[in-house]
Amino acid sequence: MLRSLVGSEMCIRDSDQLALLINGCLHPTEESFAVINPSTGKPFARCGSASRDQTNAAVAAAATAQPGWGSLDLKERQQMIKNALRAVSAAKPKLAALLVKEQGKPLGQAEGEVDGCCLMLQNCLGLK
C-alpha cells in the first residue's frame, strides 16, 4: 500500500480521474481541490476530496482492519514495520521533494522529516 501512496494514486497529476485509496481499492472522487505550493503560491497537483460516504467507508475499513492487526504476533508486526521502513527509506527523495512542494520547507528539513519517520519506525521495532 505504501508504494501506492508514494506513487501518484492519491494525487494524480495531469488527469481528470482522481481517486482515494479506501480498503485497498481506488475509489473515484467527484470533487477535488488544488494542492498549493506555499513557496510559490501556485498549485502543483489536484487531490480528490472525499464525500461523506467515502469518509465513513474509510473509517469503517480502518475499524474492520484493526482486529487483524491486533491478532498478528510480534514477529509478523515487526516484519510489516520493517517493510514500511524499507519503503519509506527507499522513497526518501520523492517524499522529501513532495514535502518541499506541500509545505514550502527547505529540502534539508524535508529530508529530516522523512528521517524522523524512519526513526519512529525503528523505535517501534523495539516495542514488545
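A: Contact here means heavy atoms within 4.5 Å. With that criterion, and leaving aside residues up to four places away in sequence, I81 touches W69, L121, C124 and L125. The structure is a predicted model, in which local features need pLDDT of at least 70 and side-chain atom pairs count only at pLDDT 80 or more, while totals for chains, interfaces and linings use all residues. Residues are numbered from 1 along each chain as its sequence is written, and side-chain values use heavy atoms, with hydrogens and water left out.

I81 also belongs to the largest nonpolar core, whose ten residues are I81, L85, V88, A96, L99, A110, V114, C118, L121 and L125. A nonpolar core is a set of buried Ala, Val, Leu, Ile, Met, Phe, Trp, Tyr and Cys residues joined through side-chain atoms within 4.5 Å; buried means under 20% relative accessible area, computed with a 1.4 Å probe on protein chains only. Helices α3, α4 and α5 (107-125) each supply at least two residues of this core, and α5 gives the largest share, five residues. Helices are DSSP runs of H or I of at least four residues, strands are E runs of at least two, and both are numbered from the N terminus.

Helix α3 (residues 74-90) packs against helix α4 (residues 92-103) at an angle of about 65°, their axes being 5 Å apart. Axes are lines fitted to C-alpha atoms, for helices over the stretch in contact, and angles run from 0 to 180 degrees between N-to-C directions. The two helices are therefore roughly perpendicular to each other, a class that covers 65 to 115 degrees; under 35 is roughly parallel, over 145 roughly antiparallel, and the rest oblique. V88, S89 and A90 of α3 meet K92, P93 and L95 of α4.

The axes of α4 and α5 come within 8 Å and cross at roughly 125°, which makes α4 oblique to α5. This contact is formed by K92, L95, A96, L99, V100 and Q103 of α4 with L107, A110, E111, E113, V114 and D115 of α5.

As for the chain around this part, five helices and four strands are present, and the elements run α-β-β-β-β-α-α-α-α from the N terminus on. Of the 128 residues, 20% count as buried.

Methods:
Buried < 20%, exposed > 50% of the residue type's maximum accessible area, 1.4 Å probe, protein only.
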